[in-house]
Structure formats: C-alpha cells, structure tokens
Amino acid sequence: MEAHAQTAPVKRYLAMFTPGGTIQESWAPTTTGSNFTLSPILSPLAPHKSKLLILGGVGILGNTGFGDGHAWGITRFLTCSPIIDQGGWTAGGMSVDQYIANKLGAKDPFKSVELQVGGTTSNCWGRISYAGPGQPLPGVADPQKVFDRLFKNLQAPNTGPDPALVAQYARRRSILDSVKEEYTRLNAQIGASDRHRINNHLQSIREIELRLTALPEQTTVAACVAPDRPGTDGDFVAKGRLQMDLMAMAIICGLTRVATIQWTRSTSNQTFPWLGLSTSDGHHSLTHDLKNADSRAKLVKIHTWYAEQFGYLLSKLDSVKEGDRTVLDNSIVVWGNEINGSHNRNNVPFVVAGSGGGYFRTGRFLKFTNGSHADLHVSCLNALGIPDTTFGEAGLCNGPMADLT
Amino acid sequence: MQTPNPTTAVSKTPMRRVQRLTGYRETAVLAFALLALGCEGLSVLEASRGPSGGPVAAPTDKDETPGHTPPGGEEGPPPPHAIAPALARRLTRTEYNNTVRDLLGDTSNVADEFAVEEEVLGFDNFAHALTVSPLLAEQLVTAAERLATTALLEKILPCDPEALGEAECGAEFVRHFGTRAFRRPLQEEERARMEQLFETSRATWGFDAAVRVVVQVMLQSPQFLYRFEGGPAGTPGERVALTSYEMASALSYLFWGTMPDKTLFEAAAADALQTPEQIATQARRLLADPRAKKTVSHFAAQWLKLKMLDLATKDPQNHPDFPVLRPLMHQEVETFIDHVIWNEPSMLRLLDADYSFMNKALADAYDATGATGDAFVKVRLDTTKRRGLLTQPAFLSAEALANASSPIHRGKFVFTQLLCGQLGSPPDEAADLGAAEAFTTTRERFAEHSTNPTCAGCHRLMDPIGFGLEHFDAVGRYRATENGHPIDATGDLPILDEGDTSFDGAPELATRLAASRTVHECIARQWFRFGMGREEDTAADAHSLRRMYEVFESSGHSAQELMIALTQTDAFRFRTVPAP
C-alpha cells in the first residue's frame with residue numbers, strides 16, 4: 001500500500017510495555033555491532049533486523065519513593081520519575097510519551113492514544129503513561145471501545161458531512177463553552193490543592209473539545225482504511241492483535257502520532273495456556289522461581305511470544321510506504337520492561353525499532369555498562385526534533401544515549 | 001503544559017515509613033521502624049529489630065509524626081485540634097450512576113463505561129486520586145449529551161410551560177433543577193448565568209431543547225461532578241462547619257452513594273444539619289434504609305480485598321474444582337459479611353464467628369454439614385479448625401499461590417488490612433526461594449525469611465501470622481499434614497502492649513485478633529478512610545479517630561454505631577479553610 005508522498009514525513013513515537021524482565025542468556029544477542037545474531041527470544045524479529053537497535057546493559061535507575069522494585073520500574077519506564085505520595089502513591093512527573101505529545105501532537109485529532117491488553121491495577125504498579133504528577137492515563141483495554149473512540153467518525157473519502165453530526169457538534173460547541181466557564185469561575189472559590197485538580201480537569205476538556213466539536217477532515221492517506229468494528233469477545237491473544245491493528249491504523253491514518261500499549265502490568269500473573277503453560281505457571285510466579293531451569297524455559301517462551309507481538313506491530317507499520325521510507329522508518333517504537341529478572345532494574349531489556357526518519361543508525365546490538373534508560377528517552381526526543389539534553393529526575397540522566405546515531 | 005503539583009494544603013505527616021535505599025546497587029540494610037500512631041495512646045506496632053537485635057529506626061525523608069508514643073502507651077501532650085482542609089471529591093462511577101438515577105430517573109448506568117478510578121489503600125474513592133484524564137473528560141461529555149437527550153422532561157420540569165409561560169417556567173426549572181443538580185441553591189450569579197443560557201438556547205432551538213441544554217451543562221459542571229465541602233467562604237486557616245447542604249451530601253454519599261433525598265434537602269433548607277444530634281438522626285435514618293446495604297458492602301469488599309479471589313489461579317491438576325467453587329466462595333463471604341454487619345451486635349464476629357454460610361456443594365467440598373440444597377444457609381463450623389473470615393475458602397484461596405498456601409500473602413493481609421500496618425519495600429536482591437520440592441513443608445521453605453537479616457525485618461511482621469494458617473492449603477482445604485509432616489501452626493502477632501501475642505492455629509488467631517485493640521482501631525481507621533475519601537492524618541484526625549474508637553468500644557463493637565460515629569466527629573463536620 002502506498003501513502004501519498006509528503007514533503008516532510010511526520011515522525012511518530014510508540015512505546016510497548018511487557019512485564020517481568022527477561023532471561024538474559026536467551027535475550028542478549030551474541031556479538032555487538034551490526035553483525036549480531038538474534039537471540040532465541042528475539043528471533044521473531046528477524047524480518048526487521050536491519051531496523052532494530054537492541055540495547056543491553058541499560059538500567060532503569062532510581063529507587064527512592066514509595067512502592068517496590070516493580071512499581072519503581074514500571075513508573076519510571078516512561079516518566080523517569082520517582083513515586084510520590086500525593087494522597088496516594090503515584091508518579092511524580094510526566095511520561096515521555098505525553099511530553100512528546102504536548103510538543104508535537106497538540107493539533108492531531110488525538111494528542112496521544114493509550115491502549116491496554118489484559119488486566120491491570122489502578123495504581124502505580126499498573127500505569128505507564130502520566131499527563132503530569134499524580135495524573136495517570138489508563139489505557140483502554142476493550143478493542144471495541146478503542147474503535148468507537150478512534151474510528152467511529154472517521155470521514156470516509158468523498159463523502160459529505162453528515163447534517164445530523166453538524167447540528168450535534170454545533171450544539172456541543174456552545175455547551176462546552178458554558179461548561180468551561182463553570183470551571184474557570186470556580187477557581188476563585190476554592191483552595192490551592194483543589195484548584196490544581198480542577199484545572200487539570202479543565203485542561204483535559206480543552207484537549208478533547210476541538211475533536212468533539214469540529215467535524216473530522218477527510219483523510220488523504222490511501223492506506224488509511226477504517227477497520228471493522230471489533231466485537232467484545234476474544235481472548236488475550238485475539239484482543240492483543242486487535243489492539244495492535246487499531247494502534248497501527250491510528251498512526252497510519254494520522255489520528256495521532258504518539259501511542260502506547262501496555263500488556264498486563266508489573267507483577268501480573270498472566271497465564272499463557274496457548275504456549276502449553278499451565279494455569280499455575282503465572283508470569284509473576286515464574287519470575288520468582290528463577291533457580292528452576294524449567295521455569296526459566298517457560299519464561300523464555302513467554303518473552304518470545306511477546307517478541308512475536310512486537311514483530312507483528314512492526315510489520316503493520318512497515319507495510320505502509322511513505323516516499324522512500326515506511327511508516328516504521330519514520331517512527332520510533334520502544335519496547336521496554338520494568339525489571340531485569342526478579343526485582344532489580346540494572347539491566348532491563350530494551351529494543352528500539354524504526355529510525356525516526358533516518359536519525360538512528362539501526363541494525364545493531366549495543367551493550368552499555370550501567371546505562372540509563374533516561375538517556376534513551378533523550379535520544380528519542382532529539383530524534384523527534386525536540387532538542388532537550390535531559391529527561392526526568394535529575395542525576396539519573398547523562399544526556400543522549402551514546403552511539404545510537 | 002501541566003505545572004508541577006504545588007504543595008498540598010494538608011500539613012499531613014504520613015502514616016507510613018518508607019525504607020530508604022540509598023543506592024540500588026548497595027545491599028539494602030533492611031531495617032525500619034513502624035511509627036507510633038500519634039500521641040493518643042493508640043497502639044504502637046513493633047519496631048523492627050536490626051541484625052544486632054536492638055530496635056533500629058529508619059532514616060526517613062519526611063517529618064516525624066508528632067507525639068511519638070513510647071512503649072507502654074502513656075498519653076502524650078493533648079492533641080492539637082487541627083482540622084483537615086476542605087477537599088473536593090469527584091463522583092465515582094457508582095456515585096455518578098446513582099446520582100443520575102435520582103436526578104433524572106435514568107437507570108442506564110452510563111458510567112459503567114467510564115475509565116476506572118485509581119485505587120489508594122484498596123479504596124476507589126480517595127479524593128486526590130480521582131483525577132480527570134482526557135479520556136474521562138470525553139466520556140463525561142458524551143454521557144451528559146446522552147443523558148440530556150434521553151431525559152424525560154416530565155420528570156424534571158417543576159412546571160408546565162404552557163400554563164406558566166415558557167420564560168417563567170424556564171426560570172423556575174433552572175432554580176429547581178439547579179438546586180438538585182448542584183445539591184444546593186444556586187448562587188445569584190450562577191442562577192443568572194444559567195437563565196441566560198436557557199433563554200439563548202430557547203431562542204435558537206425552542207423550549208424543550210433549552211431545557212436539555214441546561215441539563216447537559218449542569219451534568220458537566222464541577223458543581224455536579226465534585227462535592228465541595230469547604231463550608232462558607234472564610235479566612236484561610238479558619239475552622240468552619242460544613243453547611244447544612246454540604247452535610248446533606250456528605251451523609252447521602254456516605255451511606256447511599258447518591259445525592260440527598262427529599263428529607264435531607266428539607267433539613268438542609270431549614271439549616272437543620274448542624275448539631276451532632278441533627279446529623280445523627282439523619283445518619284441513623286439513612287443507615288436503616290435498604291439503600292445503605294450496597295454502600296456498606298462496597299466498603300467491606302474493598303477493605304477485605306474480596307476481588308483478589310477473582311485474580312487467583314489454581315493448578316488444574318490439584319484443584320480441578322476451583323473454577324466451579326470460586327463463585328460459591330464469593331457468595332459465602334459476601335453473605336457472611338452482610339449477615340454479621342447487619343445482624344450481629346459485634347462486628348468482630350467477622351473474625352471469630354463459629355458459623356458461616358454455605359450451600360451443599362460448598363459444604364461438601366469443605367467438610368461442613370448442615371446445607372442440603374443450592375440455597376446458602378447458616379452452617380456451624382468445627383471450631384477446632386475454623387473460625388471467621390480468615391478460615392473461609394475465599395480468603396485462603398485469594399491469598400495463596402496456584403499450588404501452595406502462602407503464609408506471606410495471608411500474613412500481609414492481616415498485617416495491612418486488620419492491623420493497619422505499613423511495610424517498607426522489598427530489597428532488589430530479594431532472594432529466590434528454592435523449588436518447593438526441596439522442602440518438607442511450606443513453613444520450612446520460608447524459614448530463610450526469618451533467618452536472613454535482609455529479609456527478616458519485614459517478614460517477621462507477616463510470616464508468623466501466616467504460619468498460623470498453614471492448616472489450609474491453596475484453596476482453603478484443611479490438612480493435618482503436608483508432605484507427610486504434621487503441620488506446625490504456631491504463630492505470633494506483631495503487636496505490642498497486648499499481652500501474649502503467640503497463638504496456635506487459626507481459631508486462636510481469630511480470637512486474638514477479635515480481642516486486639518490494634519484491630520479495633522484499624523477497623524475504625526478503615527471506615528474513616530472510606531468515609532472521608534482520604535488517608536487519616538495523625539495530627540488533624542487524632543481526636544476524631546479516638547472518638548470513633550471510644551464509641552466502637554463502648555457499643556460492644558457495633559458496626560452500625562461505628563458508622564454513625566464517623567458522622568459525629570470533627571473530621572466529618574468541620575474543615576479548615578484552605579490557602580487560596
């Protein structure tokens with residue numbers, strides 16, 4: 001499929017989270033540089049080998065704050081921020097996907113899209129994306145709801161505006177103006193702490209109001225085809241696929257340029273019967289049995305399966321050409337985790353796919369010594385045209401990650 | 001775009017202590033102290049013992065709690081009578097559904113589709129965590145639109161436009177509906193604005209549409225979506241009573257999870273919700289109403305973490321009937337809790353009751369007698385083996401592994417949910433236990449937790465409790481032996497100043513917990529958290545918590561008296577005017 005040629009290709013940022021670390025001896029490629037052999041766990045990514053940067057020796061630094069190693073890992077994964085107590089344990093800062101979305105995506109129909117596969121918890125063990133301190137952005141787990149939010153009103157090419165929608169949107173615009181006034185007038189009457197939350201609520205309204213009150217423009221991207229509306233049944237595998245389909249198509253259609261997908265959560269005891277694992281082989285239980293070779297072998301199966309899912313997502317993005325490149329080439333897709341093995345985070349598996357429009361020099365395995373994943377975020381920001389030199393908690397970031405370009 | 005959160009106005013000293021790890025590569029010295037609970041003579045949880053055996057205080061990064069109570073429980077200086085600041089509380093999904101049902105007569109439960117609430121300390125109604133993401137903001141917009149479009153005007157119009165005239169009726173509608181939607185009379189400026197909105201809409205779209213526009217705006221207004229409990233405007237730092245309208249909402253949301261009813265509105269209009277007696281009269285009426293049952297069940301389900309049962313997976317080889325038994329386990333524990341709270345003079349029977357509720361299928365699986373059919377009936381327990389909630393299959397299964405019991409999970413539950421204890425964080429180098437087959441019993445398998453000083457600090461607070469439940473396997477079945485070895489179910493409760501804390505087996509554990517002052521105070525604190533939508537503040541809430549505890553004790557640990565007692569406290573009735 002081809003998209004219409006664009007003068008300056010849009011760059012996108014995607015992040016995928018899977019929990020439970022990895023089995024290092026089956027994850028790390030053998031040699032560094034571009035002549036590496038894909039490991040057993042990463043072998044499903046063979047078709048995309050030249051577009052990958054596999055990063056070893058990168059840690060999620062920092063362990064102060066509330067919670068435990070899992071909470072720190074998943075909270076810091078995209079925020080590089082400690083967990084704070086703000087009437088509840090939560091991230092102390094904005095996540096990088098939101099930071100990027102604020103800078104680049106404010107005019108997109110969706111500033112960003114957050115997706116979930118499988119269950120999670122509504123606390124700092126189960127969130128990766130934050131609009132700011134204490135403002136988690138839960139992903140939507142139901143593909144049908146995702147579809148309804150993203151694609152229901154996608155304007156098919158060559159159709160005129162629906163008059164009923166026109167009337168509805170006009171009324172909404174006037175109503176939302178009144179609603180916003182309710183919020184601004186309230187500010188004088190309430191205390192500082194409440195005002196912060198009320199202001200954030202108002203900010204959320206402002207972020208969505210354009211899309212809810214202005215008719216969507218017709219898409220000019222030929223590869224953008226609204227998917228069929230998913231049903232509500234389907235198991236973990238099927239829903240994961242649907243979520244990735246929706247995520248990729250949202251990117252392709254230009255509905256957003258920032259998206260995250262979170263598979264289960266840190267400490268998830270997800271079972272994988274389709275891999276031949278039993279009900280008592282919960283993911284988290286296995287990671288606490290690492291002395292057992294049998295358990296390690298089962299974990300390798302799980303992580304290999306997640307690599308297959310990552311590969312599937314990459315294939316979807318890679319299938320759409322944009323000039324000389326593909327959507328994948330013009331994107332950065334970060335696959336990360338919250339821990340290395342059990343509770344420590346000094347060697348968390350990271351894989352980056354896509355070159356951000358030729359910024360990264362892909363097709364290599366790099367091995368760092370005590371690397372900081374915050375540096376990776378800085379490099380991604382730079383690749384996307386955001387010239388920041390640091391991201392997240394001070395003292396845990398060295399600047400852009402070495403040797404990625 | 002988002003500014004960093006300013007320091008909250010609550011001068012709160014946190015209840016918990018965080019074990020501070022100074023570097024992730026350093027081996028953690030796992031020592032921490034559990035803090036005293038204010039200066040009220042409330043019980044002290046044991047300070048941990050460091051490797052040398054003496055108590056070790058943890059370095060902390062927050063201020064110490066004022067009035068640390070020394071062991072022995074003497075009173076410290078009299079409590080400062082601070083009051084927590086006003087705190088806006090967003091409606092939860094359940095509250096939204098209930099409110100919309102009572103306001104509009106809509107029963108579609110539109111909020112079921114909303115983004116879920118963030119949870120704090122197991123509760124889904126903590127004010128600070130109820131933020132509004134763009135996703136939820138969008139859901140609120142479309143829900144309001146849908147509700148306004150489908151609203152039956154005859155249910156919400158207080159007048160007939162054809163009789164009264166459209167403009168007059170519109171004004172009356174704004175006043176009447178606005179009072180109900182905002183749960184208080186509109187301020188003059190609000191009323192004028194809404195009337196203007198109504199008139200402009202009526203000119204463009206006609207009377208009916210104008211009514212719906214007002215409904216749609218009000219449903220998205222912060223005055224509808226949030227409960228403000230600031231009292232009348234005052235000087236920052238000033239202590240003010242909740243207005244009678246605010247008190248009406250405080251009571252209706254506490255007991256019914258919905259907006260005030262006609263009687264409460266009338267009492268509010270007469271400014272007759274100010275004295276403790278006035279408040280108590282309404283509180284008793286609300287609690288006696290069937291509408292209270294769901295809310296109280298919701299409290300108990302969160303406090304006792306009932307949904308953990310849904311997350312449990314069991315080995316299909318060894319526990320093939322678990323999927324069939326799970327819903328029955330749910331029904332047992334919910335029936336039991338409901339029965340105890342509403343029928344027993346003392347709610348401590350939750351811990352040590354000599355009965356439960358089962359049907360035949362469940363009773364057969366758990367060697368109980370007295371149930372003959374599908375209906376759930378009261379069954380007597382063999383009290384040499386079982387007493388109360390902690391010996392029910394629901395709890396035992398939820399807090400266990402797929403193929404084994406888990407003294408840690410069970411002990412941690414008791415520690416956090418029944419003793420209100422707080423734990424530090426596990427070290428990064430948490431050792432992996434050996435494979436289960438290498439040990440004779442589960443107890444032996446976890447022995448390293450007590451012998452390894454890195455582990456012991458926290459695990460000595462959890463494991464010895466859980467060991468007392470070792471007669472119960474992964475799905476709560478009783479066993480006298482494990483791998484041929486007799487079960488050792490001796491254990492210890494990590495509480496001071498309560499005499500002998502050792503016990504042998506679950507029935508004795510149940511009795512000890514039921515008699516424990518720490519447990520009684522913790523139950524009060526849990527209800528406080530749920531009722532106030534925030535964690536208790538040792539400084540500002542000490543007085544209120546003590547009052548609740550005293551009522552709980554003097555009432556013979558009555559659930560109903562405890563619930564009413566919250567409404568009588570300073571914390572419930574007053575707020576400090578916050579900084580602007």
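On the side turned away from its buried face, helix 10 of chain B carries the exposed residues Lys262(B) and Ala269(B) (exposed, over 50% relative accessible area; buried, under 20%; 1.4 Å probe, protein chains only). The model is predicted, with local features needing pLDDT of at least 70 and side-chain atom pairs pLDDT 80 or more, while totals for chains, interfaces and linings use all residues. Residues are numbered from 1 along each chain as its sequence is written, chains are lettered from A in the order in which they are written, and side-chain values use heavy atoms, without hydrogens and water.

Helix 10 spans residues 262–269 (helices are DSSP runs of H or I, at least four residues, numbered from the N terminus). Its buried residues are Leu264(B), Phe265(B), Ala267(B) and Ala268(B). After helix 10 comes Asp271(B), with a positive phi near 55°.

Turning to the interface, 74 residues of chain B are in contact with 78 residues of chain A (heavy atoms within 4.5 Å). Between these chains there are 7 salt bridges (a side-chain nitrogen of Lys or Arg within 4 Å of a carboxyl oxygen of Asp or Glu). One of them joins Glu118(B) to Arg127(A), with the closest N and O atoms 2.8 Å apart.

Notes: Helix = DSSP H or I, 4+ residues; strand = E, 2+ residues; numbered from the N terminus.
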